[in-house]
Amino acid sequence: MTQQELDQLLSLLEMRKKVVVKKITELKNMLTVEAPDCAVDRVDRTLDMMEKERLSKALRLKEIQRVKIDKALVKIAEGRYGFCEQCGKEISLERLMVLPESENCMVCSGVVKF
Ligand SMILES: [Zn+2]
């Protein structure tokens, strides 16, 4: 991987982190908004619970993504970015350009099967 490619991935990661952090804040805000009791009947309440369940699931996924992005940024700083956590091989640049926070190569992540 060239320095230029690494720089490109770094800005990609920083951009993605901003988006994820913003999304996490949005989701947290949506989850803390309470519907006024008088306006909520049983059907609304069930829908509201389902919606909250959906939102907290999305929030968990975003939190995981944020952790992965932070880990990738640390790896770049330490000069050990772009290697699979399972087999230690280089992760292909194509994969990193699509998903720069990838921790595993395509084989280990199950995208490509032998
Ligand atoms: Zn691997």
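Lys22 is exposed, because 11 other C-beta atoms lie within 10 Å. The cut-offs are simple: a residue is buried if 20 or more other C-beta atoms lie within 10 Å of its own, exposed if 12 or fewer, and partly exposed in between, with C-beta atoms placed from the backbone. This is a predicted model, where local features need pLDDT of at least 70, side-chain atom pairs count only at pLDDT 80 or more, and totals for chains, interfaces and linings use all residues. Residues are numbered from 1 along each chain as its sequence is written.

Lys22 sits in helix α1. Helices here are DSSP runs (H or I, at least four residues), as strands are (E, at least two), numbered from the N terminus. From Lys22 to Ser102 is 80 residues along the chain, and their C-alpha atoms are 20 Å apart.

Now take the helix pair. Two packed helices are described by the angle between their axes and the distance between the axes. Helix α1 covers residues 3-32 and helix α2 covers residues 42-78; they pack at an angle of about 155 degrees, with axes 9 Å apart. That makes α1 roughly antiparallel to α2. Axes are lines fitted to C-alpha atoms, for helices over the stretch in contact, and angles run from 0 to 180 degrees between N-to-C directions. Angles under 35 degrees count as roughly parallel, over 145 as roughly antiparallel, 65 to 115 as roughly perpendicular and the rest as oblique.

Leu27 also belongs to helix α1. Leu27 counts as partly exposed, because it has 19 C-beta neighbours inside 10 Å. Beyond residues up to four places away in sequence, Leu27 touches Leu55, Ala58, Leu59 and Lys62. Two residues are in contact if their C-beta atoms, placed from the backbone, lie within 7 Å. Leu27 and Leu59 are 32 residues apart in sequence, yet 6.2 Å apart in space, C-alpha to C-alpha.

Next comes the largest nonpolar core. Its nine residues are Leu9, Leu13, Val20, Ile69, Ala72, Tyr81, Ile91, Leu96 and Cys105. Helices α1 and α2 each supply at least two of this core's residues. The most come from α1, with three. Such a core is a set of buried Ala, Val, Leu, Ile, Met, Phe, Trp, Tyr and Cys residues joined through C-beta atoms within 7 Å. Leaving out residues up to four places away in sequence, Leu96 touches Leu9, Gly82, Ile91 and Ser102.

Finish at Phe83, in the loop between α2 and α3 (93-98). Phe83 counts as partly exposed, because it has 15 C-beta neighbours inside 10 Å. Apart from neighbours within four places in sequence, Phe83 is in contact with Gly88, Lys89, Glu90 and Ile91.
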